[in-house]
Amino acid sequence: MNIRQFKIIFILILSFFFFKTAFTQDKFNFDITEIKILEDGNKFVGTKRGKINTEEILIHADTFVFDKKKNILTANGNIEIIDNKNKIKILTDEIVYAKSNEIIYTIGNTKAIIQSKYNFLSKNVYYNRRQLKLSSKFKSYITDKEFNEY
C-alpha cells in the first residue's frame, strides 16, 4: 500500500466517525400550540403550553426558546421533565437544558422523583444525565417511600 492509498483510507475512516456522530445526535421534536421560527430557522420560540421530546426525554412547559446553533433549550412555567432512560421525573418552574452536554439546570424550587422510590427537594438543581448526578448548592431533602430522610 502506498502513502496515497493510506491517506485516502485514513480520511474515509475519520469521515465515517465524524458523520456517524453528527447524524446520530438526538434531536428535539416539538408539539406546541404556537411556535415562531426566527433567525433563519436557528431559533424556535414556543408559547401556549406544549411538549418537547427526544428519544429519551420528554419536557412539558408553558413556554420555551430553543437556540439551534448553541443546542440549548430554555423553558418556563409548570415544567415537567420525564427522563425515561434514567427513570427520573423533575418538576420545576424554569430550566436551561444544554443538550450537547446533557446537562439540565433548574432555576427555583425543584422536586425530583427518582425511580419512583425517592423524592428529592431543593432549588437551583444541576442534573447531569450522562453521569446520573443530581445536586444543588442549597439545602436539599431526600425521602424514600417509607418517609425515611437522608
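Select D62 to begin: at 24% relative accessibility, D62 counts as partly exposed (buried means under 20% relative accessible area, exposed over 50%, partly exposed in between, with a 1.4 Å probe and protein chains only). You are looking at a predicted model, where local features need pLDDT of at least 70, side-chain atom pairs count only at pLDDT 80 or more, and totals for chains, interfaces and linings use all residues. Residues are numbered from 1 along each chain as its sequence is written, and side-chain values use heavy atoms, leaving out hydrogens and water.

R49 lies in strand 2 and D62 in the loop between strand 3 and strand 4, 13 residues apart (strands are DSSP runs of E, at least two residues, numbered from the N terminus). R49 counts as partly exposed, at 34% relative accessibility.

Next, select E102 and R129. Their closest N and O atoms are 2.6 Å apart, in another salt bridge. Are these two buried or exposed? E102 counts as buried at 9% relative accessibility, and R129 counts as buried at 7%. Then bring in E56 and D83 to see the whole network that links them with K99, E102 and R129.

Finish with Y97, which touches E102 and R129, among others (contact means heavy atoms within 4.5 Å). Other residues that Y97 touches include F28, I59 and L73.

Key. Helices (H or I, at least four residues) and strands (E, at least two) are DSSP runs, numbered from the N terminus. A salt bridge is a side-chain nitrogen of Lys or Arg within 4 Å of a carboxyl oxygen of Asp or Glu. Lists of a residue's contacts leave out its neighbours within four places in sequence.
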